[in-house]
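Here is a friendly briefing to read with the model open beside you. It goes from the overall picture to a few places worth a look.

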Amino acid sequence: MDNDIEEKFIQNGVVLKKANASYIAALNAEGILTFGQCMKTKLHVFDWKPEIRDTTDSESLESDWSVVNLISQQLSPQQPVLPTSVSCTPPAAYVRAASEEPPAGSTTQPKLSIRVFLRELKGLETYGDELRLYNHDQTVHSIYLFRQTSTSTLVQLLERIRCVRKSTQRKNFYRCNDDPDQDRLQKSFSELNIADIRARPRPRPYMDMLSKYANMQQIFPFHRPTSQSTIAGELRLSKLNASIDQETDTTEDNQPALPVAVNGETVAAESKKLAPRPAVHRGLPLDAGTWEDVKCPKGAISDSERVKEIIFRGGIKQDIRAEVWKYLLGLDVWEHTAPQRDERRAHKTQEYFQMKFQWLTMTATQEHNFTGYRERKCQIEKDVKRTDRTYEFFAGDDNPNLAKLQDILMTYVMYNFDLGYVQGMSDLLAPILSLVQNEAESFWCFVGFMHKVFANFDIDQKGMKQQLEHLRVLLSFVNERLFNYMSENQSENMYFCFRWLLVWFKREFSNADIMQLWEVLWTGLPCTNFHLFVCVAILDQEMDVFIEGRFSFTEILKHVNELSGNLNLAAVLEQAESIYLQVKQTLDASPKDAYHELRKIIGEQLSSSDGGTTGNTDEDEDDDDDDDSCMSIVNERSPEENEIRQRKLEEACDISQSYMFF
């Protein structure tokens, strides 16, 4: 084939079930389905051809599979691998048959190629393991049966690169959309490695009318100086009203310019007086001498709270870090004596290898019939090859530590198959394995870490949404100026902090710094949401850059990404603790029935008499989702727009995680 198409997907063992009558001889034949993009026209194309068994050695050479589907390669290593490019033909000849001269000494059949450009299709439909392509006249173009894997991998790729859009009317049907000229804003997000997270509002006559009335002030300025800038009429109604208040020096009632809403409570700026931020300085790390001092004669840790306090203030010295991490992550129990600790470790080691044995002894037939397992295994194999390879512990092609990393992640799939493996987990495990090194003990430390960040990997991103909303509330309380500026630039949703929260700043700091940051956060001091205060501290430090530079929405996103590797951990932690103390002192001086959301964020337990709750906290947080402003914005949108917003958030997750590897 020619070399003017960039491959994005290849799958062997795809059976042609239905096609044009010209290809009746190829029906029920296994072939290779390729999806790629023409480098000249930027149009996407499907291409299927029957597999040809040549006797030459040229097709036995392995190529670099940097595309999405590695499952077929894992299942059928003996299958020939396609070269990394396919040909591009004009749409008028999108289905053709071609023959090639076989090499000397080989026996091949003429190659048939069924090709269709994506824009020639109305859509595609998945039906079990079948992929059906439809013409614009609703007739079936061709049907393919995936024998070795499911169609989900291909569909997920097409959704991620915005080539298809799921139908809201027809189940499992996806409308094709191949526009080489993508939206400019989306292009800027792609350059920043973050998804388009702002859905375009649907037309609303009522809101359009209000927007026109508001825009009349730009034409007829009533007792108002000329505005320096105008806010786009696309902003939501609440932000539109806020912008009018900001641009008007005084209102009829002399109200403050922009009230801040915290958990549904509107607090005027003049009524909220923040306590001063106290000066905070980092302390000395936990060293071997202090660690021995807190050990009882039988090996138990006498004062775990003191240990956690020291770690929070200064971290842990490298020579005892591995031992202390096992306590922080739940492998060892603070109160256990040395014999009890050794017994527990032996039991946990045995349990680990029992689970590892389960997937090691899985037969090829079992794996073939277990799609979920195959897909997780494929993703793990792909991620392990690119996780922390610049560090000496994982460097090199034949590094046995890579095998350990993969085995631990595969065993975690068996330990928690409901969650299984999600891209990004390998980055949470890598520092643990590089420090602890023992395979079984590293696994159980990883289990303890995942217990703390489990909600980050929910399939519906509910945990991430809740953290982003808490971050929005926190920033609006401690730095109203910065929050208002971000609101004016459509950044108040905090999606640019997605990667920070997802993998706990793994990309933002060096390996040595991330170890210290994680152990500080694992202490749970001064509250379990202290990582949100770390986010606020970073944003607080960059406030002048944003405002003085008059950064737009795209520029804010770009600057946040460029902070990677340029942050001072000690300064960030000092400022984060100072902000926490400021919030705590402000809340202590406020009525108990005020700032419920903030009190929950810092871990205060509210009684029913305070207007809080005494029951299940998770249920209360679920109820709050319906009332907070972030979720209410989602509820204002139509079902189709909500679906688009959710898909874009999922794409933001994928791209944020993928960005960590490059």
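Two residues count as being in contact here when they have heavy atoms within 4.5 Å of each other. Keep in mind that this is a predicted model. The protein chain has 662 residues, and 52% of them count as buried.

**The chain as a whole**
- You will find 26 helices and 13 strands in the protein chain.
- Take the contacts between residues at least 6 apart in sequence: 69% of these join residues at least 24 apart.

- The protein chain has a mean pLDDT of 75, and 68% of its residues reach 70 or more.
- Confidence is highest in helix H8 (residues 318–328), where the mean is 97.
- At the other end, strand E5 (residues 96–97) has the lowest confidence, with a mean of 36.
- Over residues 182–270 the pLDDT stays under 50, and the model has 121 contacts beyond four places in sequence for this stretch.
- Residues 655–662 also have a pLDDT below 50, and this stretch has 28 contacts in the model beyond near neighbours in sequence.

**The nonpolar cores**
- The largest nonpolar core has 117 residues, and Trp291, Phe533 and Leu539 are those with the most contacts inside it.
- This core lies between domain 2 (318–456) and domain 3 (462–602), because both domains give residues to it.
- Leaving out residues up to four places away in sequence, Trp291 touches Leu286, Ile301, Val307 and Ile320, as well as Glu323, Val324, Tyr327 and Trp334.
- There is also a second, separate core of 26 residues, with Phe46, Leu124, Tyr144 and Leu157 among them.

**A closer look at Asn456**
- Asn456 sits in the loop that runs between helix H14 (439–453) and helix H15 (462–478).
- Is Asn456 buried or exposed? With a relative accessible area of 4%, Asn456 is buried, because the cut-off for buried is under 20%.
- A polar atom of the Asn456 side chain lies 2.7 Å from the backbone oxygen of Leu501.
- Which residues is Asn456 in contact with, leaving aside neighbours within four places in sequence? They are Met464, Gln467, Leu501, Leu502 and Trp504.

Notes:
Residues are numbered from 1 along each chain as its sequence is written. This is a predicted model: local features need pLDDT of at least 70, side-chain atom pairs count only at pLDDT 80 or more; totals for chains, interfaces and linings use all residues. Side-chain values use heavy atoms; hydrogens and water are left out. Helices (H or I, at least four residues) and strands (E, at least two) are DSSP runs, numbered from the N terminus. Buried means under 20% relative accessible area, exposed over 50%, partly exposed in between (1.4 Å probe, protein chains only). A polar contact is a pair of N or O atoms within 3.5 Å; within protein, one must be able to donate a hydrogen and the other to accept it, and residues adjacent in sequence count only if both atoms are side-chain atoms. A nonpolar core is a set of buried Ala, Val, Leu, Ile, Met, Phe, Trp, Tyr and Cys residues joined through side-chain atoms within 4.5 Å. Domain bounds come from an automatic or database domain assignment. pLDDT is the predictor's confidence in each residue, from 0 to 100.
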